[in-house]
Amino acid sequence: MGLFTSNPLPEPVGDSAPPVDEHPANIASTLDHLRQSADSRITHPRRFRAQQLRGLEKMLDEHLQDFLEALEEDLGKGPTEAKFSEVDVVRAEIDYAQRHLAEWMDSDGVKVPLALQPAMAKIEPRPLGVVLIIGPWNYPLQLMLAPLVAAIASGNAAVLKPSEIAPATSGALAKFLPLYLDRRVYAVIEGGVDTATTLLAERWDHIFFTGGEKVAKVVAAAAAKHLTPITLELGGKSPAVVDNHLPSTAKRLAYAKFMNVGQTCVAPDYVLSIGDSTALIDRLGQAITSFYGKDPLTHQDLGRIISRRHFDRLLAMFEQGEVVHGGQYDEQSLRIAPTIMRNVDLEGTLMQEEIFGPILPVVEVQNFEEALEFIAARPTPLAAYLMSESPRLQSIFSDRVRAGAIVHNAPLAQMVVPSLPFGGVGASGMGSYHGKHGFDRLSQMRAELSKTTVVDTLSAIYPPYSWAKRKIIDRLL
């Protein structure tokens, strides 16, 4: 590390960086430009990485209002929710990386077997090269910039492909990010499916994708052609098992479910109520009213569904059970009120596909064991929640349930702990990031060994192998 930080940093290219647009030739030119810069090791020094992290932080500070307005335009997010769920989460990642960057970049010495001594061995974190980050529309700022923090901290160049379904946020990123980060190694490329297809046809050193399972398979297939490592952050139907019907339980579930109008990959997708669910449903309804009022469709803190297609998809789910709270909607504003359903069709899309909207089905199960079997019979979710004060049930839940994260009594809280890994397993994704986990994911943990040739201590294991040498080798290795 010290070898690099003593070198002077070249001046940024600034406006001489090549233009970026959807044309395949320009995409190839941009990637070639970034790869040349990455190969020159511009990104390797700790001082450079720290400068870029500060630049990203400065961009969020100086253009906070621009990003909040973009998020309101794309998703109808109120400024308070948009700030803490999109901007503040990224700021926390930046702050955590700044405080720990030096220790993350340090090499880790390891012991050398007696047969090789005297020698030194270590594990050295090294940048991978050029990373492609493809972001989703539901958190179009946070889920673009949080992986970028990991890419910067680990010393990689990066291309960001924001979601075209959130065009205002995509445009804001394309406009402001090049003003604060070094354009030799970081670029934003906007566009739709054709642009994404062109990007995926190129060779990358890592592809980081957040989105749905269908597109993830396309990303994985494209990456396989170049043997490119990938991180897939997907979703799935995250269950919440409720053994505790307290008012605080209902409030925590309602908050986690209906933030961003349910368009959150780790939101509780359905509730498994142990025993009669009547009290829980009543308290969920009370919590919704306390959050969003008696007319939630006009409440400033309730956002909207991203598109008419998703709006229609969600309305169709109302036919698959009994609506016991909510159910109102506005076709003009694409708003759907937080809705609770019961007696739902377990074979319908409501319970077979990720809802990704403000509908919460409540399913009654007779006991805790039935809840565990219900979860085990379905694809692995990104998170699984247990609302119970029982240490025994918490222990069993942690042991028996397979999920990207296990959380007791605080849905979504895992997302604001930067030292916890965020990622899926099985159908909910592969690889994890946040904090050092992101640094490690986008680094090569390179093995290094050094041994002197002045004294040839390896002569004891050279052939021919006499009886005496075999005894020595058996003792040393």
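By about how many helical turns are Glu-213 and Lys-217 separated in helix H9? In this predicted model, the two residues stand four residues apart in helix H9, which spans residues 213-225, and they are therefore separated by about one helical turn. Their side chains meet in a salt bridge, with an N to O distance of 3.6 Å. Glu-213 is partly exposed, its relative accessible area being 43%, whereas Lys-217, at 55% relative accessibility, counts as exposed.

A search of the whole structure finds 20 salt bridges, and among them is the pair formed by Arg-35 and Asp-205, whose closest N and O atoms are 2.9 Å apart. Because Arg-35 belongs to helix H2 (residues 24-39) and Asp-205 to the loop between helix H8 (193-201) and strand S6 (206-210), this pair ties together parts that are 170 residues apart in sequence. Both partners fall under the 20% cut-off for burial: Arg-35 is buried at 15% relative accessibility, and Asp-205 is buried with a relative accessible area of 17%. Salt bridges also link Asp-61, Lys-83, Asp-88 and Arg-91 in a network.

Strand S14, comprising residues 359-365, is mostly covered, since six of its seven residues are buried. Strand S9 (residues 270-274) pairs with S14 in the parallel sense over four bridges, and in this pairing Val-365 of S14 is the bridge partner of Ile-274. As Arg-342 lies in strand S13 and Glu-364 in strand S14, the pair ties together parts that are 22 residues apart in sequence. Arg-342 is buried, with a relative accessible area of 19%, while Glu-364 is partly exposed at 38%.

Two patches were identified on the surface, one of negative charge and one nonpolar. The negative patch gathers Asp-66, Glu-69, Glu-72 and Glu-73; of these, Glu-73 lies in helix H4 (residues 64-75) and is exposed, with a relative accessible area of 55%. The nonpolar patch is formed by Val-110, Ile-123 and Met-445, which together have about 210 Å² of accessible area. Met-445 is found in strand S20 (residues 443-450) and, at 38% relative accessibility, counts as partly exposed.

Key. Residues are numbered from 1 along each chain as its sequence is written. This is a predicted model: local features need pLDDT of at least 70, side-chain atom pairs count only at pLDDT 80 or more; totals for chains, interfaces and linings use all residues. Side-chain values use heavy atoms; hydrogens and water are left out. Patches are made of residues with over 30% relative accessible area and no salt bridge: like charges are joined within 9 Å, nonpolar side chains (Val, Leu, Ile, Met, Phe, Trp, Tyr) within 5 Å. Accessible areas come from the Shrake-Rupley method with a 1.4 Å probe; for residues, only the protein chains shown count as cover. A salt bridge is a side-chain nitrogen of Lys or Arg within 4 Å of a carboxyl oxygen of Asp or Glu. Lys and Arg count as positive and Asp and Glu as negative; His and the chain ends are not counted. The place of a charge is taken as NZ of Lys, CZ of Arg, CG of Asp or CD of Glu. Buried means under 20% relative accessible area, exposed over 50%, partly exposed in between (1.4 Å probe, protein chains only). Two strands pair if DSSP finds at least two bridges between them.
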